[in-house]
There are 2 protein chains.
Amino acid sequence: MRNVYVAGVGSTTFGKHIATPIESLAVEAAARAIVESGIERLNIGALYLGNFISGPLNGKEVLAGIVGERLGLGNIPCTKVEGACASGGIAFRHAWIAIASGMCDAVIVVGVEKMTHASTTEVTSALNCAMDNENDGPSGLTFPGLFGLAWRVHAQQYGTTREDVAAVVIKNKAYGLLNPLAQMGATLSLEKIRESAMIADPLQMFDCCPASDGGAAIVLCAEHLLPANGQPRIKVLASAQTSGSPRIANHPHLCSFEATVTAARQAYAQSGLQPQDIDLVELHDCFSIAEIIDSEDLGLVPRGLGGKWAAEGRTGMDGDIVINPSGGLLAKGHPVGATGIGQIYEVVQQLRGQHPNQVANARIAMTHNLGGTGVACTVNILGRE
Amino acid sequence: MRNVYVAGVGSTTFGKHIATPIESLAVEAAARAIVESGIERLNIGALYLGNFISGPLNGKEVLAGIVGERLGLGNIPCTKVEGACASGGIAFRHAWIAIASGMCDAVIVVGVEKMTHASTTEVTSALNCAMDNENDGPSGLTFPGLFGLAWRVHAQQYGTTREDVAAVVIKNKAYGLLNPLAQMGATLSLEKIRESAMIADPLQMFDCCPASDGGAAIVLCAEHLLPANGQPRIKVLASAQTSGSPRIANHPHLCSFEATVTAARQAYAQSGLQPQDIDLVELHDCFSIAEIIDSEDLGLVPRGLGGKWAAEGRTGMDGDIVINPSGGLLAKGHPVGATGIGQIYEVVQQLRGQHPNQVANARIAMTHNLGGTGVACTVNILGRE
């Protein structure tokens, strides 16, 4: 397999883009990435697009082909991939495969979602397409319900408290204020969080990421096409994709996702790296408790201590492992299909030393994108050469 | 790139499966393919699933992960791909890439759709997700309207008549009667076709494929895993994927699809074969006129003569090129995401010499799967060694 490099990145802001067609969000991000890369469009051999629920929410499919045409990419293969909230990460991995295998020399991958024009009922119903509705539908669970249950298990098993979980929210919302792409940064306190609306006990409003619109894109290339533009060389050190049970009753523990554990193990093996080598991670904090679970599943924090480490500041800017310096899904937002690509965008800026919330001396970064009830997962590791 | 072989195939009948969940249709087809292949599930390294509109019509996404779990495939990457009516073909190509590149030794690809439970309005609205609705939506065109226009252009440019087009319908419906998987075989006459309801002038009811439910699956493998079970060895000689404009006004001719022309050219180049080497083709006859256009775009029939050749029987069982001996989409049915995989299923049976409507001495076969307004296309060539 050949080495794969990041040639350029682009993104819209994450937030409300009610008057913008979904394909335009993708095109804006992709055009920025292509321009930044300096790679000729004729050299781009394939397009991958990650999207989850444009069909139900926008009445639009074949977005890969539509976006490819808008970009003037010619008759190249344009493929949409879907894996719930991990759609973006899966798209990225396929772009990586296309170059690593030698099939293409440059590939563009774009993730996009448009949700904020729809009603809460429509969005909730569309998001529930990521459940195993045949088996779990009758339970009436939605995703806040599932992660509320996970929190209860984590609290019972490891003693995680409201204060611990609030530390994640306060950190990510504060980081979001520093990120010009973020939808919902805020200065919060434990009291404000406690006062916020109860969503699915014990999850409160500030524990939940918002619905978002947005697009993000990356141009990947083989080494010989990497532009000599003075930017640091960012290499993909590992790209892993796994699946896990969509059925809640099949998870041995509600506060661990086998898909994450497996993908992390594969990514460490591919890269020859260990958890302590990772300088920062953008991980899938769709809910505050998810950051705690994910940090443990990725091996970055000892099992059961995700909440305590957050409360002690060990996952913040000067901590043992910096988690979600972008603000994460909680503050940056969660335009579902774009999220996994947006994470790569963020860590590339970190590895270049150009992030508005820069982690000092960042050389190796991880991204983690999780779909549904842990049914799909991708873990990537990128490094500055 | 490594050689890729067909290890096993499976399919449900195409038709009405109203009481069967969509994932069960996929699992039935996939389980049959795995059993037929004799390959251990532990050796299957990835799953690809082609589906178009399960989100809008069934409220279910992440079908790749759901089906992978039902099949007991473990934590392997399970990826849904979407490219409108070419979703199945695109999924097949990604399974081929995974093996050809050396990433996996065996991969299962499954296509599925479930449509007949929905109302005509719901199905029409869902199918229109394959249009470039931002540009072409205001025209009010649906797919029958588009292909009705294409017929008018073909008639004006090449003198194609109602009789010519009816010959396609009569042939495919008759072949459908011989295919136990087919939804709507029939013995038709020009008179019966002329008497059928007008759908989008000049397209009448029998010119249009039905809405269908169904699943189809293929297990692909590298040569060392090919079972020694006495079956003929079926090799993938070419697998091409292209895109074309989703916008109707951008098509230089309404009766030719650039995506098909390009994919065919690539498939011939990959395989070193020429049109006259192809013994039979399963092509994308979503409408009768589409078979005529596709046969010309694929280079199998001279430009403009698709209708005449059909009327003269040159595309039938003893003709110059046998087109759609399965009955095609017109008679076998069109469960959208399954169609491209179902075509492979059919040609594998032909190349094994086991098809209920067997083409004599079939050694090389082509499949052609077209999405939307020609926005996505795949062309495959398979051969018996």
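Helices and strands here are DSSP runs, with at least four residues (H or I) for a helix and at least two (E) for a strand, numbered from the N terminus. The model is predicted.

B:Pro202 sits in the loop between β5 (198-200) and β6 (203-204) of chain B. A:Pro202 belongs to the loop between β5 (198-200) and β6 (203-204) of chain A.

Next, the relation between the copies. Two copies of a chain are related by a rotation about an axis and a shift along it.

Now the interface. It brings 48 residues of chain B into contact with 48 residues of chain A. On chain B, the elements that give two or more residues to this side are α2 (54-58), α3 (63-70), β3 (78-82), α4 (87-100), α6 (133-136), β8 (234-243) and α10 (258-271). By class, this side of chain B has 21 nonpolar, 17 polar and 10 charged residues. Of the interface residues of chain B, 100% are also interface residues in chain A, so the copies meet through the same surface.

Strand β3 (residues 78-82) of chain A and β3(B) run antiparallel, joined by 3 bridges. A:Lys80 has B:Glu82 as its bridge partner in β3(B). In chain B, the loop between β3 and α4 holds B:Ala84. Phi of B:Ala84 is near 55 degrees, a positive value in a residue other than glycine.

Last, a helix pair within chain A. Two packed helices are described by the angle between their axes and the distance between the axes. For helix α7 (residues 143-158) and helix α11 (residues 288-297) of chain A, the angle is about 55 degrees and the axes are 9 Å apart. That angle makes α7(A) oblique to α11(A). Their crossing is left-handed. From α7(A), the contact uses A:Phe147, A:Ala150, A:Trp151 and A:His154. From α11(A) come A:Ile289, A:Ala290, A:Ile292 and A:Ile293. The contact of α7(A) with α11(A) has 7 nonpolar residues, 1 polar residue and no charged ones.

Definitions and conventions:
Residues numbered from 1 in each chain as written. Chains lettered and ligands numbered in written order. Predicted model: local features only at pLDDT ≥ 70, side-chain atom pairs only at ≥ 80, totals over all residues. Contact = placed C-beta atoms within 7 Å. Axes fitted to C-alpha atoms, helices over the stretch in contact; angles between N-to-C directions. Parallel < 35°, antiparallel > 145°, perpendicular 65-115°, else oblique. Left-handed = near helix turned anticlockwise from the far one by under 90°. Nonpolar A, V, L, I, M, F, W, Y, C, P; charged D, E, K, R; others polar. Pairing = 2+ DSSP bridges.
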